[in-house]
Amino acid sequence: MTHFANKYIGCPWVAGAQGPDSFDCWGFVRFVLLHEYGYNVPPVNINPDNLRDVLRAFHADLAFQAFVEVDKPQDGDVVLMRQAKNPVHAGLWLDIDGGGILHCVRGNGVVFQNIASLNLSGWFIDSFYRVKNKQTT
């Protein structure tokens with residue numbers, strides 16, 4: 001059986017793109033949450049090239065009121081990632097191949113990485129967020 005993630009692998013990263021053929025990181029997260037999980041979450045209105053705006057948005061934007069922070073990820077949870085002290089990137093946790101992150105990265109497009117691969121490429125998990133109306137186990 002083919003996983004839905006395969007159809008997204010390789011789609012390019014484009015600042016501000018919301019899909020279906022290109023995405024930025026949050027545009028990709030929103031698109032997949034809607035089309036694969038049925039959750040419609042608000043956009044984050046920022047300039048993805050301005051890291052200061054990205055940092056503020058991750059904790060202050062109204063879009064994030066749709067989520068609750070969780071300790072252990074489940075399939076479809078949002079993952080905030082960082083390369084330094086603060087989170088500046090988002091992807092989705094998938095429970096496949098031992099678990100990993102499906103995300104759209106500037107310069108690479110959509111990729112799926114396990115934790116070891118993610119860390120080798122300079123990304124580190126900051127936190128996990130679940131859509132509030134998603135059932136928890």
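Buried means under 20% relative accessible area, exposed means over 50%, and partly exposed lies in between, with a 1.4 Å probe and protein chains only. The close-ups below come from a predicted model, in which local features need pLDDT of at least 70, side-chain atom pairs count only at pLDDT 80 or more, and totals for chains, interfaces and linings use all residues. Residues are numbered from 1 along each chain as its sequence is written, and side-chain values use heavy atoms, with hydrogens and water left out.

**View 1. Helix H1 covers residues 25-37.** Helices (H or I, at least four residues) and strands (E, at least two) are DSSP runs, numbered from the N terminus. H1 has 13 residues and reaches 17 Å from its first C-alpha to its last, close to the 18 Å expected at 1.5 Å a residue; the expected span is 1.5 Å times one less than the number of residues. The buried residues of H1 include Trp 26, Phe 28, Arg 30 and Leu 33.

**View 2. Lys 7 forms a salt bridge with Glu 36.** A salt bridge here is a side-chain nitrogen of Lys or Arg within 4 Å of a carboxyl oxygen of Asp or Glu, and the count by this rule comes to 3. In this pair, the closest N and O atoms are 3.0 Å apart. It links distant parts of the chain, as Lys 7 sits in the segment before H1 and Glu 36 in helix H1, 29 residues apart. Lys 7 is exposed, with a relative accessible area of 54%, whereas Glu 36 is partly exposed at 25%.

**View 3. Arg 130 and Asp 77 meet in a salt bridge through their side chains.** The N to O distance is 2.7 Å. Arg 130 lies in strand E6 (residues 124-131) and Asp 77 in the loop between strand E1 (67-70) and strand E2 (78-82), so the pair ties together parts that are 53 residues apart in sequence. Arg 130 is buried, with a relative accessible area of 5%, and Asp 77 is buried too, at 0%.

**View 4. Arg 82 and Asp 126 meet in a salt bridge between strands.** Their side chains come to 3.8 Å, N to O. Arg 82 belongs to strand E2 and Asp 126 to strand E6, so this pair links distant parts of the chain, 44 residues apart. Arg 82 is partly exposed, with a relative accessible area of 25%, and Asp 126 counts as partly exposed at 32%.
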